[in-house]
Structures are given as structure tokens and as C-alpha cells.
Amino acid sequence: MQQEYFEEVVERYRNRKNYDKNRMAQKLSLTYKSYIYLLDGRLVLEDEDFNLIQERIAALKLADYQKEINLKLIRQRHNIKQSELAMQLGLELREIKEIENNDDPANIEKRKIIIKYIKHPKETQIILFNLYYNRALLSVDKVIKDSYVVLDFEYTQGNRRREAIEIGAIKYVNGVAKEKFHYFLRPTVAVTPIVEEMTGINDFMLRHAPKMTDVMPLFLEFIGDLPIVMHSARDDIRFVWEYQYGLNLPMIHNEIIDTLTLSQKMFAKEEVGNYRLDNLKNYFGMSIGSHNAIDDCKVTSKLFESCKERLLGVR
């Protein structure tokens, strides 16, 4: 049993830490010779001494873990201030301080994600996105907005190489549509037949369209600091955020309101049938198209206003 423990537990820890056997022996307060003998089974410890070795390994692992989740230490190593980190992540400074200093389980999980972001920012995009997105849902105070921007995209085939082929947004001020933002977008992959049939958009239409990288700064100027309303917000806002990152733009701080989540709370499935926009358009009796960005924005706005009415009715 002792030999198996040293082979499977101690050696695995040593390899992970990239220690040589002499250093590992020192960490366990053993001589190099004793460590080798324990490893090949030529030495067997008394139970009390073996328990002490197990305690030391546990203590080493705990110390490593505490270092791994020490956000302050890792920030300082990478020369990042709390205020800079807050700006990059779209969090408030007080939220960063809370995550860094409060050891409750939820904060520790957020801390791990932020540490991954500091060490590997690009690779952590999708994981870290959840920190931002989950803040955005769902309180009555956030939903009761009279001025906001509705956003919708149409995409190429929904897979890993998915790219936007249309962006549409409508700005509402005091509940009235005031301004539209609309572009077709030129992707680097072909529009599939099923997407062309659904959206009416084809490769020929997009051959001279701007790229998303050209349109993104204009879109960010258009939305300003207004709340962004979307249906199934997780996919669309993640898409926006990935392009911001690629263009070295700071992450948006806008509040996000997801009408999919909101409608699931405010409309029973038995009442509406399902929560797809093309179905909700029919539920509201709207005689407009589907699967084009501007018309989908109009349906999303109608849904949002209807949810607000219901929320105000139950307050």
C-alpha cells in the first residue's frame, strides 16, 4: 500500500510540480535514499510515520491550492491593478474586491475564472463570459427600461465556424423607435443553402459587404451606454464580446436583458406554445418577416414591452 501511494500519489505530485526526487524528499522531510527505498518498496514505514507523510502531502496540496486561487498575488505578478481588471471584465471595482477578498464558494469559483483570464486571456473568453452574462439577468429594476437598444444577428451555419452575415439594431428612446442600425456582413465562410433559404441572404449579396471588424466600432458608438435587449442573449452578446476582444476594445458595460429568459418567466408555455421569435410574432399578430435582423428586433421589442407590462402589473 505504501509503495502504491508513493508511486501514484507522491510521484504524480512531484511530476506535476516538476521537482526532482531529491527536492521531493526534502519536502517530505525524508532523505533521498529513504525516498527511493519507499518508492521501490524496499522500505516500509511505521503507520504513524506513513500518516505523517500523507499529512505533509495534503498540506503541500493545500498550500498550492491557496496560491492558485490567490487573485491578489497573481494580479501583482502580472502587474494588473484592480481597477484595470474591473475595466477589462466589465465589472465594478467593488465586485473585483469582493471576489478577491471574500472566500465564499461562489467567489472562489469566480476567482478561478478570473485567474484563468489573467494567465490565458484569449483561451478563457467563453468561460469568463458567464461572469458578465450572469450579472445581467434578471431583476425588475433592470427590466423596466424606457430607453434601450434591441439587437439581433443572422449567422452562417450554426457551428464552430459560425459568422454573422447581418446585424440589426433599433434604438428606443422613451419607448419609441428613434434610430436603426443595419448592415449585411461579409463572412469568410460560405452561406449554406439552409441559411439562404431561411434568411434570403446569399453569398452574392454579401460580396461587397463590410466585415464585422469594420462595423463593430460603429455599432459600439450606436449603442452608447444604453441597455441591450436581445432574444437568447447568450449567443449574441458573446459574439459581440469576442469581436471586441479581437479589436482590443474594452468590454462593454451595458446591461443585458434577455427576452427569452424574461418571456419564460412572464408567459406560460401553454399560452404562447413556444418561445421562438417566429412563433411569438404570430402570437402578437405581427405581419412582418422572420429571420431578418430588423424584423426580429421589432418582434423582440414587442415581446420586451409586453413583458414589462406584465411585470408592472405584478409589482
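Author: Arg 23, Lys 27, Lys 67, Arg 77 and Lys 119 form a positive surface patch. Patches consist of residues with over 30% relative accessible area and no salt bridge, like charges being joined within 9 Å. A salt bridge is a side-chain nitrogen of Lys or Arg within 4 Å of a carboxyl oxygen of Asp or Glu. Lys and Arg count as positive and Asp and Glu as negative, with His and the chain ends not counted; each charge is placed at NZ of Lys, CZ of Arg, CG of Asp or CD of Glu.

The model is predicted: local features need pLDDT of at least 70, side-chain atom pairs count only at pLDDT 80 or more, and totals for chains, interfaces and linings use all residues. Residues are numbered from 1 along each chain as its sequence is written, and side-chain values use heavy atoms, without hydrogens and water.

Arg 23 is partly exposed because its relative accessibility is 41%, where buried means under 20%, exposed over 50% and partly exposed in between (1.4 Å probe, protein chains only).

A patch of negative charge on the surface gathers Glu 46, Asp 47, Glu 48 and Asp 49. Asp 47 belongs to helix H4 (residues 47–68) and, at a relative accessible area of 59%, is exposed.

As to the whole protein, there are 18 helices and 5 strands, and 44% of its 315 residues are buried.

Note on methods:
Patches are made of residues with over 30% relative accessible area and no salt bridge: like charges are joined within 9 Å, nonpolar side chains (Val, Leu, Ile, Met, Phe, Trp, Tyr) within 5 Å. Accessible areas come from the Shrake-Rupley method with a 1.4 Å probe; for residues, only the protein chains shown count as cover. Helices (H or I, at least four residues) and strands (E, at least two) are DSSP runs, numbered from the N terminus.
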